[in-house]
Amino acid sequence: MFVVLLGPPGAGKGTQAQRLTTSTGLLHLSTGDMFRENVREGTELGVLAQTYMDRGELVPDEVTIKMLLERIARPDAAEGTMFDGFPRNIVQATALDEALRARGDLINHALLIAVSDEELVARLGGRWLCRSCGAVYHERNDPPIKEGICDKCQGELYQRDDDSPDVVRTRLEKMKPPADLIEHYREAHVLSEIDGERALDSVTADLLEALR
Ligand code: AMP
């Protein structure tokens with residue numbers, strides 16, 4: 001089963017992907033996480049990606065698609081994958097479709113988590129991530145037990161540079177799933193739209209229901 005998770009930044013894609021992959025056993029692939037890992041390790045790809053990420057812009061398709069296709073060619077992605085943060089546009093979606101088709105697979109579900117702009121700005125400001133294990137928390141919706149410390153691994157929590165208000169607004173404009181991308185999956189009859197402005201558990205339940 002191959003699933004794409006669509007939604008604007010702050011819709012809860014990362015959090016929901018972690019929950020869904022725990023209950024479904026699918027591999028979780030986040031292009032944002034892959035870029036951040038490259039930045040941390042100081043790779044050539046990381047140095048390039050950072051210039052775009054710092055501005056709240058998309059990393060060029062050529063680079064992103066190459067990274068993603070190399071990753072899904074590995075054996076652990078053979079059975080099923082949940083894509084989080086990819087595709088971001090129709091060029092990326094087409095590249096993914098073609099790569100999957102070439103091996104007899106296809107996207108079975110596209111789950112769109114819908115959230116209003118006002119809610120997104122409020123949310124993005126309150127997001128904290130664990131430096132060690134990548135777990136995601138939120139000051140208001142999903143706080144850690146101890147401020148600044150990860151519940152799961154006791155790692156240090158931090159806020160992403162691209163969660164600052166100015167960068168958030170740019171990201172919202174540039175990073176919303178474009179209409180033609182949503183249409184692409186609607187036409188393929190795999191799109192489910194889920195109201196993301198509710199408690200985390202309700203959203204997870206609806207997403208799981210859509211996958212059934
Ligand atoms: P995310 O964690 O999904 O919010 O991604 C963080 C940053 O990584 C984005 O702001 C982009 O700069 C970059 N990025 C992640 N996924 C993609 C993608 N599919 N295409 C281009 N850039 C991406």
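Visitor: Which residues lie nearest the centre of the second largest pocket?
Guide: In this predicted model, the second largest pocket has a volume of about 510 Å³, and 20 residues make up its lining. Of those lining residues, the ones that lie nearest the centre are R36, E37, R40, Y158 and R160.

Visitor: Which element supplies the largest share of the lining of the second largest pocket?
Guide: The elements that each give at least two residues to the lining of the second largest pocket are α2, α3 (44-54) and β5. By class, that lining divides into six nonpolar, five polar and nine charged residues. The largest share, which amounts to five residues, comes from α2.

Visitor: Where does the ligand sit?
Guide: The largest pocket has a volume of about 900 Å³, and 50 residues line it, with G10, K13, G14, R127 and R160 closest to its centre. Elements that give two or more residues to this lining include α1 (13-24), β2 (27-30), α2 (31-41) and α7 (165-175). As for the ligand, a molecule is assigned to a pocket if more than half of its atoms lie within 2 Å of the grid points, and on that criterion the ligand sits in the largest pocket.

Visitor: How many charged residues does the lining of the largest pocket have?
Guide: The lining of the largest pocket, sorted by class, has 16 nonpolar and 18 polar residues.

Visitor: Which element gives the largest share of the shell around the ligand?
Guide: The ligand is surrounded by 16 residues, of which T31, R36, E57, G85 and Q92 are the closest, and the shell divides into six nonpolar, five polar and five charged residues. Two elements, α2 and α7, each supply at least two residues of that shell. The largest share, four residues, comes from α2.

Visitor: What is the volume of the largest cavity?
Guide: A search of the whole structure for cavities of 30 Å³ or more finds one. Its lining is formed by L5, L6, G7, K13, G85, F86, P87, R88, M175, P177 and L181, which divide into seven nonpolar, two polar and two charged residues. The volume of this largest cavity is about 60 Å³.

Visitor: Is the peptide bond from F86 to P87 cis or trans?
Guide: F86 and P87 are both among the residues that line the largest cavity, and P87 lies in the loop between β3 (81-84) and α5 (90-102). The omega angle of the bond from F86 to P87 is near -5 degrees, and the bond is cis.

Visitor: What is the phi of Q154?
Guide: Q154 is placed in the loop between β6 and β7 (157-158). Although Q154 is not a glycine, its phi is positive, with a value of about 65 degrees.

Terms used
Residues numbered from 1 in each chain as written. Predicted model: local features only at pLDDT ≥ 70, side-chain atom pairs only at ≥ 80, totals over all residues. Heavy atoms only, no water. 1 Å grid on protein atoms, 1.4 Å probe; cavity = no way out; pocket = protein on both sides within 12 Å on 5 of 7 lines; lining within 4 Å. Points joined across faces, edges and corners; volume = space filled by probe spheres on them. Nonpolar A, V, L, I, M, F, W, Y, C, P; charged D, E, K, R; others polar. Near = heavy atom within 4 Å.
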